[in-house]
Amino acid sequence: MVEKKKIQTPRGLKDVLPEEQKYWFHLENNFYAVAALAGFERIILPTFEATELFKRSVGEFTDIVSKEMYSFKDKSGNNLTLRPEGTAGIARAYIEHGMHTLPQPVKLCYFGPMFRYDRPQAGRYREFYQYGLEILGEDDPMVDAMLIQTVVRYYQKLGLGNFVVKINSLGSDRSKTKMIAALSRWLSAKKNELCADCKLRLRKNPLRVMDCKTAGCKSLLSHVGSILIDSLDEESKKRFTKVLECLDEMKVEYELDPTLVRGLDYYTHTLFEVVVRGSDLAICGGGRYDNLIKQLGGLHTPAIGLAGGVERTIEALKAQGVVIPEPVKAELFIVQLGDRAKAKATEVFEKLNAANFRVATALGRGNIQAQLREANKLNCLLVVIIGDQEVHDKNVIVRDMKDRSQETIIDRDVMRIVAKKLEEKGIRIS
Ligand code: AMP
């Protein structure tokens, strides 16, 4: 016999099974709640866009664009890419929908999948979810601090502790150019100590060397010192100081990290990451992108945004043992015994369901013990038992799963009685 090969999820992808859903609900519901309170409106963008959009925004010589994009030609020959991040699409949508005519700033939030051909390992997937916040059309340093404060509030709401905001500034466009030149000079003198990838980065995009994860480059870069921060012009320094002062006033703790540059080209001025202490993977990263919208053909529009990783945030919550409320699967279970009882059971199921009771059944099973075992596994509080005799007598039996007591009631009273019994157990059905 030829054994059929099992098909599995492609490398770097994963299923999110029902038992994981409590974490996903917890993250998504709290994200939209915190974002709405801070004035962000939800936006849903396509999961693929023109490849050109990412090349022109994230940058052609970044790791994301040069190595990690899922790009393809569709049947009409259009060059498309599964989005590797959210900001480029936001900027495109801002221009496409003339959002500059809306009251500024425009505050948008999203929660959705991103795709990167990254090397799969703990905390790195090829399809992963991000929550993102973007504020467009405002350049006040206070906005930078407020954005960081919003994500800190989100983490506090999730129950996450022991995290730190790392912050740096790339300064204005002019500062950034100066910074790149200074770094390039410093790195060129030590070229032989760089890994092969970084030798190429040094030629194409020296700032990207700062993100290298190889031990040799990391150790070299630990001596980079104040080269980057010294390149900031006075205006940029003043602006950065103002952001830090605002964070101080808001009592948001941060650590200055003069080596933080982040792997995308569109950043200027404030950059930040949120890292859980003891882990070297960030759960969130963001920064200002004042030139991006103009670069994509819009008007000059200062903007700032952040994106956090859903899976990494969940992993951090789990590592910290944060208890997430268990969702109730079903309060009630209907046991049916016999053909007529099965028809009656579906009728009672519909009636209870329509009245907002969470009801489970195992209609394929005939045996009472097997059905009670299912009810037990689902932590159901009450079981409604219907046999052919009950159908004939227009009754049902209500069984309490905790004390195993049973009561026969008239079937038309079922809703009132189960509601009363559940209320006695502290559960109110609205
Ligand atoms: P980035 O756009 O690279 O700054 O990513 C923002 C956040 O998304 C990171 O801090 C991570 O939490 C998450 N993230 C980025 N890449 C991956 C990946 N390959 N797998 C899982 N999470 C990721």
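**Cavities, pocket and backbone features of the predicted model**

The lining of the second largest cavity comprises six nonpolar residues, one polar residue and no charged residues; Ala, Val, Leu, Ile, Met, Phe, Trp, Tyr, Cys and Pro count as nonpolar, Asp, Glu, Lys and Arg as charged, and the others, Gly among them, as polar. The structure is a predicted model, in which local features need pLDDT of at least 70 and side-chain atom pairs count only at pLDDT 80 or more, while totals for chains, interfaces and linings use all residues. Residues are numbered from 1 along each chain as its sequence is written, and side-chain values use heavy atoms, with hydrogens and water left out.

A cavity is a set of points, on a 1 Å grid over the protein atoms alone, where a 1.4 Å probe fits but cannot get out; a pocket is an open set with protein on both sides within 12 Å along at least five of seven lines, and lining residues have an atom within 4 Å of a point. Grid points are joined across faces, edges and corners, and a volume is the space filled by probe spheres set on the points. By this rule there are two cavities of 30 Å³ or more.

The second largest cavity holds about 30 Å³ of space. Its lining consists of Phe31, Val34, Ala35, Leu133, Thr150, Val151 and Tyr154. The elements contributing two or more residues to this lining are α1 (21–37) and α5 (141–158), where helices (H or I, at least four residues) and strands (E, at least two) are DSSP runs numbered from the N terminus.

The axes of α1 and α5 come within 10 Å and cross at roughly 140 degrees. Axes are lines fitted to C-alpha atoms, for helices over the stretch in contact, and angles run from 0 to 180 degrees between N-to-C directions. Angles under 35 degrees count as roughly parallel, over 145 as roughly antiparallel, 65 to 115 as roughly perpendicular and the rest as oblique; α1 and α5 are therefore oblique to each other. Their crossing is right-handed, the term for a near helix turned clockwise from the far one by less than a right angle, with anticlockwise giving left-handed.

The largest cavity contains about 40 Å³ of space. Leu45, Pro46, Glu49, Phe54, Arg83, Glu85, Gly86 and Gly89 form its lining, which divides into three nonpolar, two polar and three charged residues.

The domain assignment, automatic or from a database, gives domain 1 (18–171 + 251–319), domain 2 (173–232) and domain 3 (332–423). The C-alpha centres of domain 1 and domain 3 are 48 Å apart. Each of these two domains supplies at least three residues to the lining of the second largest pocket. This pocket has a volume of about 340 Å³. Among its 16 lining residues, Glu326, Pro327, Val328, Lys329 and Asn379 are the closest to its centre. Helix α1 provides the largest share of the lining, three residues. By class, eight of the lining residues are nonpolar, two polar and six charged.

Most residues other than glycine have a negative phi, and most peptide bonds are trans. A cis peptide bond, with omega about 0 degrees, joins Gln104 and Pro105; Pro105 is in the loop between α4 (87–96) and β5 (106–115). Asn162 has a positive phi, near 55 degrees, and lies in the loop between α5 and β7 (163–169). Phi of Lys394 is also positive, near 55 degrees, and Lys394 is placed in the loop between α15 (388–393) and β15 (395–400).
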